[in-house]
Amino acid sequence: MSSPDIVGILENTKELDRLRKDQEEVLVEINKMHKKLQASPEIVEKPGDISLAKLKNLYIQAKELSENEVTVSNILLTQLDLLLPYGPTGQQRRKLGGNDQKRKRMKVDSDVIRLSPSMRNQIEAYASLKGEQVAARVTAESADKDEWFVVKVIHFDRETKEVEVLDEEPGDDEEGSGQRTYKLPMSCILPFPKRNDPSNTQEFPPGKHVLAVYPGTTALYKATVVSTPRKRKSDEYLLEFDDDEEDGALPQRTVPFHKVVALPEGHRQ
């Protein structure tokens, strides 16, 4: 083992340590933001508040640091592999293979451990959605407008954080006539409120912008709350949908509470 090899390994080890410390600092800030929003969720409604934008940037930093850690770890593994003797015995090979599988499991577990408690809870929540209907944005980031549809969750991949969904009723403009599946990031999925648990469901106040399933369709559109289920003493909202004008006015339509979700930040319609 030459001196330059040792120096390279030590430098990458220091870089790995720095990345992990940076991740810890970012996660501390994320937890602070979570506590702030949990204590005063109404703060995001105030003009000029940037809490959600700041939280998004923190998650982007955490993601980039995590990806950099994986890159440096792979470089270190390659450096060490090049310095290890070739040709292990059959018993050694079996042992190394088992350790390799263990490392893979540890890698997946450590990815979850590094996440904040709130994100871990969110991952568990998405993993439990299999077989349920959710709202999904199926359009690309570069699209002119966002299109949201009711789909059924088929599978959630904990490692890639992707949700596989089935569009059971594709529209007339879809290519072909069969059902379509999509693999989407968690950010493109919005779980619906539990139909059988209205008391524990967040109620959106009058004037609030929401995303709701338009009556008689499987598509979701931006709407404004006119009246709440609690006020109407029912399980339905009274909503006015954007661009739903009839005879110069917006008709008020009823939508079940379990088909109404928060309007995503930056929604394009």
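1. Let's start with the aromatics: Tyr 214, Tyr 221 and Phe 241 are joined by ring pairs into a cluster. Bear in mind that this is a predicted model. Across the structure there are 4 aromatic pairs.

2. A pair is summed up by how far apart the ring centres are and by the angle of the planes. For Tyr 126 and Phe 156 the centres are 6.3 Å apart and the planes sit at 45°, so this pair counts as tilted. Tyr 126 belongs to helix H4 (residues 117-127) and Phe 156 to strand S2 (residues 148-157), so the contact ties together parts that are 30 residues apart in sequence.

3. Lys 259 lies over the face of Phe 192, and the distance to the ring centre is 4.8 Å.

4. Now for strand S6, which is worth a look on screen. Of its 5 residues, 4 are buried, so S6 is largely enclosed by the rest of the structure. On the S7 side, the two strands pair in the antiparallel sense over 5 bridges. Val 210, for instance, has Ala 223 of S7 as its bridge partner. S6 and S7 form a hairpin with 5 residues between them, and Gly 216 in the turn has a positive phi of about 80°.

5. S6 has another partner, strand S10 (residues 260-262), again antiparallel, this time over 3 bridges. Here Leu 211 is bridged to Val 261 of S10.

6. Leaving out neighbours within four places in sequence, Thr 224 touches Gly 207, Lys 208, His 209, Leu 238, Leu 239, Glu 240 and Asp 242.

7. If you go through the backbone torsions, there are a couple of entries to check by eye. Most residues other than glycine have a negative phi. Lys 161, though not a glycine, has a positive phi of about 60°; Lys 161 is in the loop between S2 and strand S3 (162-167).

8. Asp 243 also has a positive phi, near 60°, and is likewise a residue other than glycine. Asp 243 sits in the loop between S8 and strand S9 (252-256). Is Asp 243 buried or exposed? With a relative accessibility of 72%, Asp 243 counts as exposed.

Technical notes. Residues numbered from 1 in each chain as written. Predicted model: local features only at pLDDT ≥ 70, side-chain atom pairs only at ≥ 80, totals over all residues. Heavy atoms only, no water. Phe/Tyr/Trp six-rings, centres within 6.5 Å; stacked < 30°, edge-to-face > 60°. Lys NZ or Arg CZ within 6 Å of the ring centre and 35° of its normal. Buried < 20%, exposed > 50% of the residue type's maximum accessible area, 1.4 Å probe, protein only. Contact = heavy atoms within 4.5 Å. Pairing = 2+ DSSP bridges.
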